[in-house]
Amino acid sequence: MNDSPIGSAIRSAQDIRATAHRLASVREAALSGGAVPDAPRAVIGDSWRRVLGSGVDPDHDRRERPLSVGELEQRRQNSRLAAVLPVLNDALLPAADAAQQIMVVTDAEGLVLWREGCAPIRRMADRHGFDKGAAWTEDVVGTNAIGTALVARRPILVHSAEHFVRSHHQWTCAAAPLHDPRDGRLLGTVDVSGPAHTFHPTTLSLVSAVAGLAEGELRSRHHAAVERLRSSAAPVLARIGGPALAVDPHGWTAGAVGMPPPDRVALPKSPQAGPLWLPRYGRCTLEPLPGGWLIRVGKEQAPEPSRVLLDVSGRDGAAITVSGPAGTWTHALSPRHAELLFLLAAHPEGRSAAELAQDLFGDGGRTVTVRAELSRLRRHLPGVLAHRPYRFADGVELELRTPPLSVHLLPHSSAPAVAAARRG
């Protein structure tokens, strides 16, 4: 089986039954270590390998205590997805209900925050513990659309026996991740689940499209917030004698004086008022503004960093910590930047743009994309990276922190070189 959507081959109820039987044979052979009659889709095979090391029982649900009512309500209130729930309900819930399915929204930890849809299907889900407050990650319930989409960071369909746990084989689910447009942070997933016989090939496309609508709503809200900050910061910037920037809490620029305005400033994870060191600008002073920060930019040259910690050990994202005479600064990495920095750490001698393109895409000709991403990285991390070839700069002490099990290395990545590193 290739990695194309499984729905493209399913046309009738008979096809659904035949596909479920074939998937069950593939799963049984894979779990027993026997000859596999037909390889699973790559995303499913990768998930099965991760789950096999997590202690999930392949035959039975593993129930964990769901969130209490108070804990669930607190997570709902703190979730940015609460703002787009009306979009999800309007665009997806009627279709799910009509198709005898349910709509589920989780947070980035795979905890079910909202669940709506067909009442009989909700009762079926209850028997599997698939209810509000339940954890639905791979290490709890095995391969499933929600948990696997959280790892792969892309829309996923899991049909019938592609589920790792046998008791889930009567289900089909399609989930898409939802990201914060301000910083790319994973917010959670939206999922449609139902009995396998209600499967329709367009379900994954529908879920993906609705996820895009929800992210568009978040983007519109972000732009509106930046405009409000721009209006309130304008009189403050007009009174400042030196170079300064007004940015939102995620570093997006709302105004500037005495300097060209960048699109975004790389702020630390948890900025605080007072002096700080920022890449590109050196020593600065941070002051609070309504809805953001005022950055007073100093003229002192930023000292060269002396130590870098690249941490790709977590499943929820990678980060880089830069230390030097100016202090210590930590920045969360996008999935692509995490891949690039890992590859450079794995090749201290350096890599050309063509070699990195081959590592990332299996196509050495995609050098334009590689150079553009590395240009962004070098602007965010001055003094850390060198080029010709691309590498960590001489004199920088590098520490690479990876997961205890190589199978969990950058699990969202589909880069050939990262996949090879996972296999050890």
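Predicted model: local features only at pLDDT ≥ 70, side-chain atom pairs only at ≥ 80, totals over all residues.

Q: Where is the place of Pro416?
A: Pro416 sits in helix α13.

Q: And what does Pro416 touch, not counting residues up to four places away in sequence?
A: Pro416 touches Gln358, Asp359, Leu360, Phe361 and Gly362. As for Leu360, its C-alpha atom is separated from that of Pro416 by 6.1 Å, although the two are 56 residues apart along the chain.

Q: Leu360 is in α11, I take it. Which residues of α11 are buried?
A: Helix α11 covers residues 353-361, and its buried residues are Ala353, Leu356, Ala357, Asp359 and Leu360.

Q: Where do they fall, seen down the axis?
A: The buried residues of α11 fall within an arc of 160°, so they line one face of the helix. In general, an α-helix has 3.6 residues a turn, so residues three or four places apart point the same way.

Q: What do the buried residues of α11 pack against?
A: Their packing partners are α10 (335-346), α12 (367-380) and α13 (416-422).

Q: Change of topic: the second largest pocket. How much space lies in it?
A: The second largest pocket holds about 500 Å³.

Q: Which elements give two or more residues to its lining?
A: Those are α2 (42-52), α10, α11 and α13. Of the elements, α2 gives the most, with five residues.

Q: How many residues line the second largest pocket, and which lie nearest its centre?
A: The lining has 22 residues, and Asp46, Pro411, Ser413, Ser414 and Arg422 lie nearest the centre.

Q: How do the lining residues divide into nonpolar, polar and charged?
A: The lining of the second largest pocket has 10 nonpolar, three polar and nine charged residues.

Q: Now cysteines. How many disulfides does the count come to?
A: The count is zero disulfides.

Q: Are Cys118 and Cys284 buried or exposed?
A: Cys118 has a relative accessible area of 10%, so it is buried. Cys284 has 4%, so Cys284 is buried too.

Q: Where is Cys118 found?
A: Cys118 lies in the loop between β2 (112-117) and α6 (119-126).

Q: And which residues is Cys118 in contact with, leaving aside neighbours within four places in sequence?
A: Cys118 contacts Asp97, Gln100, Gln101 and Ile102. With Gln100, the C-alpha to C-alpha separation is 5.5 Å, and the pair is 18 residues apart in sequence.

Q: One more residue, His168. Buried or exposed?
A: His168 is at 3% relative accessibility, so it counts as buried. His168 belongs to the loop between β3 (156-159) and β4 (171-179).

Q: Which contacts does His168 make, leaving aside neighbours within four places in sequence?
A: His168 is in contact with Asp61, His128, Trp136, Val141, Ser160 and His163.

Q: Last, the protein chain as a whole. How many helices and strands?
A: The chain has 13 helices and 16 strands. Of its 424 residues, 48% are buried. Among contacts with a separation of 6 or more, 55% join residues 24 or more positions apart.

Notes: Residues numbered from 1 in each chain as written. Heavy atoms only, no water. Buried < 20%, exposed > 50% of the residue type's maximum accessible area, 1.4 Å probe, protein only. Helix = DSSP H or I, 4+ residues; strand = E, 2+ residues; numbered from the N terminus. Arc of directions from axis to C-beta. Contact = heavy atoms within 4.5 Å. 1 Å grid on protein atoms, 1.4 Å probe; cavity = no way out; pocket = protein on both sides within 12 Å on 5 of 7 lines; lining within 4 Å. Points joined across faces, edges and corners; volume = space filled by probe spheres on them. Nonpolar A, V, L, I, M, F, W, Y, C, P; charged D, E, K, R; others polar. Disulfide = S-S within 2.5 Å.
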